[in-house]
There are 2 protein chains.
Amino acid sequence: VALAGQLLAAATTIVMPRDAPRAKLAATRGYGAEVILYDPEETVREEFAAKLREERGMIMIPPYDHVDVVSGQGTAALELLEETGPLDMLVAPCGGGGLLAGSALAAESVPGCRVVGAEPEQADDAARTFRTGTLQRVVNPRTVADGLRTPSLGRITWPVIRANVADIVTVSEIEIVEAMRFYWTRMKLMVEPSGAVALAALLKGTVGAVGGKAGLIISGGNTDLSAACALLSER
Amino acid sequence: VALAGQLLAAATTIVMPRDAPRAKLAATRGYGAEVILYDPEETVREEFAAKLREERGMIMIPPYDHVDVVSGQGTAALELLEETGPLDMLVAPCGGGGLLAGSALAAESVPGCRVVGAEPEQADDAARTFRTGTLQRVVNPRTVADGLRTPSLGRITWPVIRANVADIVTVSEIEIVEAMRFYWTRMKLMVEPSGAVALAALLKGTVGAVGGKAGLIISGGNTDLSAACALLSER
């Protein structure tokens with residue numbers, strides 16, 4: 001959003017939790033956005049942003065619950081499929097469900113492609129929602145995957161996921177870190193915890209039988225050096 | 001070499017300095033190669049490997065000074081050019097000169113593409129060779145770029161470089177680490193020090209005027225987690 005604002009010469013204000021990675025904070029400000037921090041222990045970001053929007057008369061760009069955002073996030077899967085050809089399975093991270101819903105829509109063009117969402121055990125609202133069929137919530141969950149600390153699936157993303165996703169599985173904090181380590185050591189990629197959950201699920205073996213070619217959506221490399229080093233050094 | 005040996009069911013023995021990154025050591029052994037370590041303070045690896053070759057009656061695969069190795073290393077530049085189209089400049093790391101010579105040969109197909117080698121100040125034999133026109137040496141240089149601790153350009157690589165490379169520039173240890181940090185924070189890539197020298201040279205501004213499109217060869221992601229964290233945390 002900050003970069004888009006810069007390219008379009010539009011003023012942007014980004015609401016971010018106080019404990020967001022400093023790298024993300026610095027990059028967002030570097031693109032010219034105003035960043036307003038809130039305390040995630042005391043504040044629900046959706047309420048905070050809604051209030052700010054009203055006070056300032058701004059247009060809200062939600063992080064996932066918007067058709068354009070879902071469509072845009074789906075282009076990652078579209079580009080992947082263009083490059084790989086048909087896949088038997090596609091695994092995507094799930095927080096608010098924008099990326100997962102978009103990926104599932106993109107994969108509709110591939111007959112027989114099983115789309116699975118992956119989410120942290122510590123923020124398992126989407127898995128519970130999927131299992132129970134009714135929207136479940138979580139409040140400021142404690143997971144290393146800071147990009148997936150969303151309160152629930154959205155009004156737009158949940159129906160898309162219900163209709164197009166085969167399963168949502170969860171992974172532990174340790175499994176997320178091990179997936180990050182795999183990306184680092186074998187693929188030379190610095191992936192943030194939220195971006196590593198799909199691989200964590202695949203390595204765990206809970207995404208179902210891979211009878212062929214599986215694709216993973218990797219999303220996000222906003223990790224602070226010190227935080228990543230601390231996480232990855234723990235074992 | 002270890003992976004090629006595994007694919008071809010051929011036994012491989014790799015000579016590696018005792019202080020090689022543990023990640024590289026583990027990966028090499030993981031591909032089924034026998035690894036023989038030597039002490040870089042006491043041993044010149046070329047002599048050590050030659051002796052071993054004689055004792056065991058093996059075929060030597062030199063790390064850079066062989067036409068097939070130069071050609072193979074040049075395919076990185078070839079693939080880059082296929083993807084980017086014509087470049088105005090191409091910068092490649094330089095240790096023994098295999099990658100640089102191969103890159104220069106690949107860039108011959110692009111009229112007006114200026115090819116520049118980048119090397120650590122602490123192992124500046126190639127820059128001195130280029131400047132003086134006669135082969136200069138360095139003995140077990142102390143640089144963080146462990147892949148570029150080669151004693152000199154080779155009999156095969158030096159003439160190719162002399163004929164096809166526009167310049168060889170040097171970068172400091174700090175500049176190498178800053179380039180690694182750029183790759184980490186902005187491109188989410190874990191690049192080993194030796195692979196980051198080309199970017200270091202570009203950022204330093206000593207590669208000459210970039211009148212358009214510049215390409216960099218990034219080569220190698222063999223860094224130990226702890227070593228990389230220690231390096232990158234220093235500032």
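B:Glu34 has a relative accessible area of 38% and is partly exposed, a class lying between buried (under 20% relative accessible area) and exposed (over 50%), with a 1.4 Å probe and protein chains only. The model is predicted: local features need pLDDT of at least 70 and side-chain atom pairs count only at pLDDT 80 or more, while totals for chains, interfaces and linings use all residues. Residues are numbered from 1 along each chain as its sequence is written, chains are lettered from A and ligands numbered from 1 in the order in which they are written, and side-chain values use heavy atoms, with hydrogens and water left out.

Side chains of opposite charge can pair when their charged atoms come close. Here a salt bridge is a side-chain nitrogen of Lys or Arg within 4 Å of a carboxyl oxygen of Asp or Glu. Over all chains, the structure holds 22 salt bridges. The table gives some of them.

| Pair | Closest N and O atoms |
|---|---|
| A:Lys24 and A:Asp146 | 3.9 Å |
| A:Glu34 and A:Arg56 | 3.1 Å |
| B:Glu34 and B:Arg56 | 3.1 Å |

The B:Glu34 and B:Arg56 pair links distant parts of chain B, strand β2 (residues 34–38) and helix α3 (residues 45–56), 22 residues apart; helices (H or I, at least four residues) and strands (E, at least two) are DSSP runs, numbered from the N terminus. B:Arg56 is partly exposed at 39% relative accessibility. In chain A, A:Glu34 is partly exposed at 38%, and A:Arg56 is partly exposed at 40%. A:Lys24, partly exposed at 23%, forms its salt bridge with A:Asp146. A network of salt bridges links A:Glu121, A:Glu175 and A:Lys204.

The contact between the chains (heavy atoms within 4.5 Å) takes 16 residues from chain B and 16 residues from chain A. About 1400 Å² is buried between chain B and chain A, and carbon and sulfur atoms give 64% of this area; buried area is the accessible area (1.4 Å probe) that two parts lose on being put together, summed over both. In chain B, the residues that lose the most area to chain A are B:Trp184, B:Lys188 and B:Leu225, together 46% of what that side buries. Two elements of chain B, α8 (173–187) and α10 (225–233), each give two or more residues to the side that touches chain A. The largest share of that side, five residues, comes from α10(B). Across this interface, the rule finds zero salt bridges.
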